[in-house]
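Keep the 3D view open as you read.

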Amino acid sequence: MRGYRRYYGKKLLWYLVTLFVALALNFFLPRLMPGDPIAAMVSQAMGDGAVIDAEAIRAVELQFIERFGLDQPLPMQFLIYLRNVVRGDFGTSFLQHPRPVSDIIGESITWTLALQLPAIIVGWILGNSLGAIAAYLRKGFDKGMMPVLMFVSNVPAFGLAIVMLWLFAVNLGWFPVGGGFAFDMVPHFSWDFMMSVLRHYQLPFWTMVFITIGGQAIGMRSMSIYELNADYVKYARFLGIKDSKIIKYVFRNAMLPQITGLAFALGAMVGGNIVAETVFSYPGIGITLLSSIRGGDYPVISAATLIITIMILLANLFIEIIYGLLDPRIKAAQQDV
Amino acid sequence: MGKVILEVKDLKTKYVTRFKESVYAVDGVSLQIEEGKSLGVAGESGCGKSTLALSLMGYYFAPLHYISGDIIIDGKNISGMKPDEVRKNVLGREVAYIPQAAMNALNPTQKVIKFVEDVVRAHDKSMSKKDIYDMAVQRFEVLGLPKEVLSKYSVELSGGMKQRTVIAISTIKSPKVLIADEPSSALDVTSQKMVIKMMRELMEKGYIKAMIFITHELPLLYNVTDDIMVMYAGQIIERGTAHEMVFDPVHPYSKGLMGSIIVPEAGTRDVKLEAIPGTPPNLKKPPPGCRFAARCKYKIPTCEHGERSPRIFDNNRMHRCIHSVEYLQERYKNEREAGSKGKVSETGAE
């Protein structure tokens with residue numbers, strides 16, 4: 001138990017260091033990008049060239065610069081940023097001024113989670129089951145399945161998304177071409193709105209599921225084949241244990257590395273699949289991130305990347321703890337440290 | 001002569017490779033073990049020893065396939081039985097197996113007691129967890145294993161402890177025949193001794209009635225088993241009591257095998273170690289005639305033709321050489337004398 005505590009203490013320290021480095025990168029990298037967000041905001045605030053008085057423009061500009069603290073040196077800005085982050089204040093968006101960043105992120109992350117969480121879980125379960133079945137049955141099923149899985153796992157997300165879009169939305173017209181809900185609707189709780197969301201949900205959802213299935217199935221298949229040939233399988237068979245029981249041992253053990261895949265997918269999910277979301281114009285965090293990068297919306301970029309970082313770190317920590325619980329070999333190693 | 005517990009008649013099995021080639025790893029093996037006796041099987045790597053162990057279980061799965069022959073355990077022929085019947089009624093009860101690599105024989109993510117439960121339940125669904133635990137504790141204690149082992153994972157056990165645990169689990173249903181495939185090969189000498197002691201105890205306490213012990217370590221066999229068989233290229237080429245086989249081997253292969261042992265006793269240090277040149281033949285296409293002929297220094301032209309059938313001599317000893325026992329013994333004697341005069345005998349096939 002003491003070794004355990006020391007192990008996780010050490011780990012936690014490293015996670016904090018990583019988090020700090022990530023925070024710094026999140027803050028500085030967007031600010032090193034070319035482009036002037038203030039100019040964009042000013043022109044927006046003043047109605048796109050309606051005002052041409054240079055002094056008036058300058059006054060508005062200065063007001064914005066002061067409000068966002070852009071007149072301070074960068075290190076100072078960073079300290080202010082850190083203080084605000086600790087307080088849970090991510091500032092206001094440049095582009096959608098004066099909307100608070102937390103509000104923007106909160107909304108788009110809901111869409112992303114609602115899309116990706118079920119998609120990843122369904123894809124993971126389907127993929128692992130397929131891989132396990134292919135490994136167990138071998139022969140025809142495996143031979144037919146493998147090339148398909150290989151193909152699916154190597155299709156790039158945007159390619160599959162475009163094909164799906166072209167086939168089911170443009171050609172067959174079964175599903176809408178994009179968006180999270182019909183463009184003439186305002187989000188509210190009603191039957192019509194829910195149905196609209198559900199219809200818009202299908203294409204991005206199945207695209208994500210397919211992409212997840214391929215990689216997971218291939219991984220599970222090779223792990224299962226490896227475990228099926230393990231010595232303990234042969235030994236258990238010779239003791240008269242039923243195959244159905246042995247299969248349970250095998251798949252449980254083969255599953256262990258797959259859990260890493262799941263946790264990483266869940267961690268990375270918050271980043272949203274920018275490509276898929278763009279193709280389907282899905283109002284998730286991927287699109288929010290993309291548009292804020294285009295517009296130099298520093299606070300939104302920093303907050304989005306920070307959330308992605310934190311989720312990946314949490315996923316990592318989660319794997320580590322779960323692993324210790326599931327695999328006595330890892331547990332022994334953790335206690336030894 | 002005691003009651004015969006295990007009788008094997010002309011057993012043939014093969015491996016089928018992924019290219020549909022057959023490898024005849026056990027090619028007509030017959031043997032007999034009486035109650036309370038143990039039989040050692042010796043041979044080089046690739047001679048079919050381990051395959052023999054697997055084949056004797058009567059439970060075949062790819063790539064190993066049964067061809068023909070009978071396995072009779074305590075009067076019951078198991079070679080005609082359906083696989084599921086064998087699994088349920090024979091494995092673990094009539095015949096049990098100790099694998100070559102006991103290090104990895106236990107599921108790494110399962111506690112020992114859980115596995116014991118699965119083993120017992122595979123044969124007897126009615127036993128409660130409590131009963132199984134009590135039975136396991138009792139058996140482990142008799143065999144000198146701490147009961148704490150039961151609540152551990154295999155990674156938490158040392159190599160020797162793992163091996164002894166595997167032996168205890170294999171024999172938990174008191175099988176009639178125990179087949180041990182190199183149970184002590186990977187262990188240090190102290191652990192080896194404990195494993196051997198444990199196997200003797202199993203026999204003395206009547207938990208098992210007969211034992212087959214497979215190893216490449218001949219001195220070990222001499223200490224453990226009553227009889228020794230030497231296996232070469234899927235066949236038994238010589239059989240006798242442990243003492244006969246170690247001190248008076250007849251077949252040139254057995255002779256070579258015994259000659260390649262390092263004996264640490266005084267006075268034997270200056271005896272030259274002799275290796276048998278070459279490697280065992282490819283069993284996809286066993287050579288005609290004597291299978292050892294290509295490596296044998298007593299080869300005569302007729303060796304390579306015709307099947308070598310077993311020849312019985314000296315009251316139940318057997319060998320498969322074309323030469324007579326007297327001829328071979330004479331040759332060995334001459335060589336020994338020549339060797340002691342300082343001449344180094346040339347080894348190698350002619």
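This is a predicted model: local features need pLDDT of at least 70, side-chain atom pairs count only at pLDDT 80 or more; totals for chains, interfaces and linings use all residues.

How are the two oriented relative to each other? Helix α5 covers residues 101-137 of chain A and helix α10 covers residues 243-269 of chain A, and they pack at an angle of about 150 degrees. Angles over 145 degrees count as roughly antiparallel, and therefore α5(A) and α10(A) are roughly antiparallel to each other. Their axes lie 10 Å apart, and the crossing of α5(A) past α10(A) is right-handed.

From α5(A) come A:Gln116, A:Leu117, A:Ile120, A:Trp124, A:Asn128, A:Ala132 and A:Tyr136. They meet A:Ile247, A:Phe251, A:Met255, A:Gln258, A:Leu262, A:Ala265, A:Leu266 and A:Met269 of α10(A). Sorted by class, this contact has 12 nonpolar and 3 polar residues, with no charged ones.

Now zoom out to chain A as a whole. Of its 337 residues, 34% count as buried. Among the contacts in chain A with a separation of 6 or more, 72% are between residues 24 or more positions apart.

Next, turn to where chain A touches chain B. The contact takes 19 residues from chain A and 25 residues from chain B. On the chain A side, α9 (231-238), α10 and α14 (328-336) each supply at least two residues. By class, the chain A side divides into 9 nonpolar, 2 polar and 8 charged residues.

Finally, step across to chain B and look for B:Ile98, which sits in strand β6 (residues 95-98). Is B:Ile98 buried or exposed? A residue is buried if 20 or more other C-beta atoms lie within 10 Å of its own; B:Ile98 has 27 such neighbours, so B:Ile98 counts as buried. Leaving aside residues up to four places away in sequence, B:Ile98 touches B:Val166, B:Ile167, B:Ser170, B:Leu178, B:Ala180, B:Asp181 and B:Pro183. Take B:Pro183 as one of these: B:Pro183 is 85 residues from B:Ile98 along the chain, while their C-alpha atoms are separated by 6.6 Å.

Terms used:
Residues are numbered from 1 along each chain as its sequence is written. Chains are lettered from A and ligands numbered from 1 in the order in which they are written. Helices (H or I, at least four residues) and strands (E, at least two) are DSSP runs, numbered from the N terminus. A residue is buried if 20 or more other C-beta atoms lie within 10 Å of its own, exposed if 12 or fewer, and partly exposed in between; C-beta atoms are placed from the backbone. Two residues are in contact if their C-beta atoms, placed from the backbone, lie within 7 Å. Axes are lines fitted to C-alpha atoms, for helices over the stretch in contact, and angles run from 0 to 180 degrees between N-to-C directions. Angles under 35 degrees count as roughly parallel, over 145 as roughly antiparallel, 65 to 115 as roughly perpendicular and the rest as oblique. A crossing is left-handed if the near helix is turned anticlockwise from the far one by less than a right angle, and right-handed if clockwise. Ala, Val, Leu, Ile, Met, Phe, Trp, Tyr, Cys and Pro count as nonpolar, Asp, Glu, Lys and Arg as charged, and the others, Gly among them, as polar.
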